[in-house]
Amino acid sequence: MTEVIINKGYQNVLTEYSNSESYEMCALLIGKGTQVNHIYFTDNIEKSPVHFTISNEQLINGYKKAAEMNMDIIGIFHSHPNNKAYPSVTDERFMKINPGVWIIYSGTEKNMKAFVLDDNQKPKEILFA
């Protein structure tokens with residue numbers, strides 16, 4: 001994957017969602033191929049400003065929702081309220097378990113970036129259209 005397509009409306013919604021709490025916010029990105037067509041908002045059960053965990057129940061419900069829409073979970077969104085929009089060491093580890101695009105919002109820089117793993121299993125920034 002070299003790009004992810006997410007419309008400005010969804011980007012604005014994710015920005016507002018991220019800024020609504022002081023801890024990491026998270027969501028599943030539902031779509032086809034590289035196009036995000038739906039956001040499935042989830043709770044960070046840790047309510048931590050440096051980690052996020054999505055409950056198994058919400059993960060299952062997200063996958064069911066994607067199947068009902070005849071789409072796939074193409075990625076994961078989360079925010080870094082007090083850091084840059086770049087995968088942490090923990091994010092890198094979970095990117096290996098949950099391949100796809102990872103979109104991260106920076107609460108300090110007020111921007112969003114998208115990443116996938118490269119051939120060496122390291123985060124690579126991709127185009128964000």
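Colleague: Which residue follows H2, and what is its phi?
Modeller: This is a predicted model, where local features need pLDDT of at least 70, side-chain atom pairs count only at pLDDT 80 or more, and totals for chains, interfaces and linings use all residues. Residues are numbered from 1 along each chain as its sequence is written, and side-chain values use heavy atoms, without hydrogens or water. Helices (H or I, at least four residues) and strands (E, at least two) are DSSP runs numbered from the N terminus. H2 is followed by Asn-70, whose phi is positive, near 55°.

Colleague: How far apart are the end C-alpha atoms of helix H2?
Modeller: H2 covers residues 56–68, which makes 13 residues. The expected span is 1.5 Å times one less than the number of residues, so H2 should span 18 Å. The model agrees, with the ends of H2 apart by 18 Å.

Colleague: What arc do the buried residues of H2 cover?
Modeller: Gln-58, Gly-62 and Ala-66 are buried in H2 (buried is under 20% relative accessible area, exposed over 50%, partly exposed in between; 1.4 Å probe, protein chains only). Residues three or four places apart point the same way, because an α-helix has 3.6 residues a turn. On the other side of H2, the exposed ones are Asn-56, Glu-57, Lys-64, Ala-67 and Glu-68.

Colleague: How many residues apart in sequence are the parts tied together by Phe-52 and Trp-102?
Modeller: These two form a tilted aromatic pair, 6.1 Å centre to centre with 55° between the planes (ring centres of Phe, Tyr and Trp, its six-membered ring, within 6.5 Å; planes under 30 degrees apart are stacked, over 60 edge-to-face, the rest tilted). Phe-52 is buried at 17%, and Trp-102 is buried at 2%. Phe-52 is in the loop between E3 and H2 and Trp-102 in E5, so the parts joined are apart in sequence by 50 residues.

Colleague: Which strands stand at the edges of the sheet?
Modeller: The open, mixed sheet runs E1-E7-E6-E5-E4-E2-E3 (strands pair if DSSP finds at least two bridges between them). Two strands have a single partner each, so one side of each lacks a neighbour in the sheet: E1 and E3.
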